[in-house]
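This report concerns the sheets of a protein model, the helices on one of them, and a pocket. The sequence and structure are shown first.

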Amino acid sequence: KPEPGKAIEVAPGVHWIRLPLPFQLNHINVWLVEDGEGWTVVDTGVASSACKDVWRQVLSEKNAKPTRVIVTHLHPDHVGLAGWFAKKFATPLHMSRTDYLLCRTLVMDTGQPAPEDGVLFYKAAGFHDAALEDYKKRFGGFGMGVHSLPQSFHRLVDGQEIKIGKLTWRVVVGRGHAPEHACLWCPEKKLMISGDQILPRISSNVSVFPTEPEANPLQDWLDSCAMLRNLIPDDTLILPAHNEPFYGVKTRMTQLIDDHEEGMAKLLDLCTSPKRAVDTFPALFRTKITSGNYGMATGESLAHLNCLIARGKIKRTRDADGVDWYQRA
């Protein structure tokens, strides 16, 4: 793994940098790709002084001038410093339209009170009063990790080809973790910068949120995993956003699909009697659920439950207190 402030060349012209994150997941991998007279940055880290310090050190050591920023998706650890690069280096931002616009929307929540729809959504999921108060306090935190985005961007679309230096990269879009997650695949060099769409040891969060309570992101995720398993050759070096680069994408995609299907099978068994979303954690998570990950766990539980509803396996009823109960159909 790269030492702090250092870069490792993992393939000709492709350099791996690791940035610190102030979360339980304490790092993100970002990529610096040689691009003619300049360099293309792929993902940026959160808008923090620690991430900026690492970038300054790496760019100074390599005497590298960023000329373009490509962002795989909208989450702050990926897009957080895109605006900083744009302001400091006049780098254009490239990302998918859906993720750019949703990111702009979420940043606008900063400093705003939690909406009533959100409170009712989490009450329906089974939040107790203290958890609802915590949600209200945390609301709008997304924008705290994102530097002001550029007012314009260059759209990435599935199947698009991008020339970076001498290499041609194809945009491969996956869905579920983010609405329109853009991976970069270079078939010639058997490389893929996968963001959070393909991770070697952890599974990306797939959640339902108050903005779209009936969404079925888990089915989008499973479909994307199956697509990637069929599309990407097994001898491709996967460059993920977390953990280490690895080979064996087909096996990994099968593991991710199987894990979620197993989780839904456990949910069906658990919901022989009515359960709230917050009662289903034991079927899905091995780690302890605390106040720090309570909301994320709830969103992921709802994603599994919504997928089972769409498959006709589970039914949902709402009681007089506005709480939803899930039971095997």
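The model is predicted, so local features need pLDDT of at least 70 and side-chain atom pairs count only at pLDDT 80 or more, while totals for chains, interfaces and linings use all residues. Residues are numbered from 1 along each chain as its sequence is written, and side-chain values use heavy atoms, with hydrogens and water left out.

**The seven-stranded sheet**

Seven strands form an open sheet with mixed pairing, in the order S1-S2-S3-S4-S5-S6-S7. Strands (E, at least two residues) and helices (H or I, at least four) are DSSP runs numbered from the N terminus, and two strands pair if DSSP finds at least two bridges between them. Strands S1 (8-11) and S7 (154-156) stand at the edges with a single partner strand each, so one side of each lacks a neighbour in the sheet. From one strand to the next, the twist averages 30 degrees; angles run from 0 to 180 degrees between N-to-C directions, with axes fitted to C-alpha atoms, for helices over the stretch in contact.

Strands S5 (residues 66-70) and S6 (residues 93-96) pair in the parallel sense over two bridges, and Ile70 has His94 in S6 as its bridge partner. Helix H3 (residues 82-89) packs on the sheet, touching S4, S5 and S6, and its direction makes about 160 degrees with that of S5; contact means heavy atoms within 4.5 Å. Helix H1 (residues 49-62) lies across S2 (14-20), S3 (27-35), S4 (38-42) and S5, running at about 150 degrees to S2.

**The five-stranded sheet**

S8 and S9 (residues 167-174) pair in the antiparallel sense over four bridges, and Lys163 stands opposite Thr168 in S9.

**The second largest pocket**

The second largest pocket has a volume of about 250 Å³. Of its 15 lining residues, Phe121, Ala124, Pro213, Arg318 and Asp324 are the closest to its centre. The elements below each supply at least two residues of the lining.

| Element | Residues |
|---|---|
| Helix H5 | 116-125 |
| Helix H10 | 294-310 |
| Strand S13 | 314-318 |
| Strand S14 | 324-328 |

H5 gives the most to this lining, with five residues. A pocket is an open set of points on a 1 Å grid over the protein atoms alone, where a 1.4 Å probe fits, with protein on both sides within 12 Å along at least five of seven lines; lining residues have an atom within 4 Å of a point. Grid points are joined across faces, edges and corners, and a volume is the space filled by probe spheres set on the points.
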